[in-house]
Amino acid sequence: MADRRLIPICASAALRDGDLGQRFDLLAGGMPATGFVVRYRGRVAAFLNRCAHMPMELDWIAGQFFDGDGRYLMCATHGAEYEPDSGRCAGGPCGGRGLAALSVVEREGFIYWEAERDRGIGVTPPGEPEGTSR
Ligand code: FES
């Protein structure tokens, strides 16, 4: 696989359903930030690691994005809950605002970030200034 637009995040086996997620570095609006990918009901979903309530990362223990039941993604700061497949606000102080979804694919035992697809929301790979085109 020599598609340079796909940035490897982790092996498929690293993500178990409703369990720890995998963080990855990126730039959001040109500033260092993180994204994360989780597995839920067998599928992978990724989001900008930034709560809709306040611009805080969701996980206070790295990779701990799910609540205790593995049902919702939960912000550790004030408890906002998000749907794991869509990032929609499911309750708490997110007040109807959701997480910014990122584009990921799972192929041949690995999970990749399709970074080019997220350029439109101001998210780019580390070291690549916003607006740079390849
Ligand atoms: S910062 Fe996430 S719920 Fe307040």
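Me: Which residues does Gly 70 touch, not counting residues up to four places away in sequence?

Reply: This is a predicted model, in which local features need pLDDT of at least 70, side-chain atom pairs count only at pLDDT 80 or more, and totals for chains, interfaces and linings use all residues. Residues are numbered from 1 along each chain as its sequence is written. Contact requires C-beta atoms, placed from the backbone, to lie within 7 Å. With residues up to four places away in sequence left out, Gly 70 touches Gly 18 and Asp 19.

Me: Why is Gly 70 counted neither as buried nor as exposed?

Reply: Gly 70 sits in the loop between β4 and β5; strands are DSSP runs of E with at least two residues, numbered from the N terminus. A residue is buried with 20 or more other C-beta atoms within 10 Å of its own, exposed with 12 or fewer, and partly exposed in between. Gly 70 has 14 C-beta neighbours inside 10 Å, so this residue counts as partly exposed.

Me: How far apart in space are Gly 70 and Tyr 82?

Reply: In sequence, Gly 70 and Tyr 82 are twelve residues apart. From C-alpha to C-alpha, the separation in space is 11 Å.

Me: Which residue in the hairpin of β3 and β4 takes a positive phi near 50°?

Reply: β3 (residues 31–40) pairs with β4 in the antiparallel sense over six bridges. Gly 35 has Leu 48 in β4 as its bridge partner, and Tyr 40 stands opposite Arg 43 in β4. This hairpin has two residues between its strands, and the residue with the positive phi near 50° is Arg 41.

Me: Which residue in β8 is the bridge partner of Ala 46?

Reply: β4 also pairs with β8 (residues 101–102), in the antiparallel sense over two bridges. In β8, the partner of Ala 46 is Leu 102.

Me: How many of the six residues of β4 are buried?

Reply: β4 spans residues 43–48 and is mostly covered. The number of its residues that are buried is five.

Me: What is the order of the strands in the open sheet of three strands?

Reply: The edge strands are β1 (6–11) and β9 (104–107), each pairing on one side only. β1 pairs with β10 (residues 110–114) in the antiparallel sense over five bridges, and Cys 10 has Ile 111 in β10 as its bridge partner. With antiparallel pairing, the order is β1-β10-β9.

Technical notes: Helix = DSSP H or I, 4+ residues; strand = E, 2+ residues; numbered from the N terminus. Pairing = 2+ DSSP bridges. Contact = placed C-beta atoms within 7 Å.
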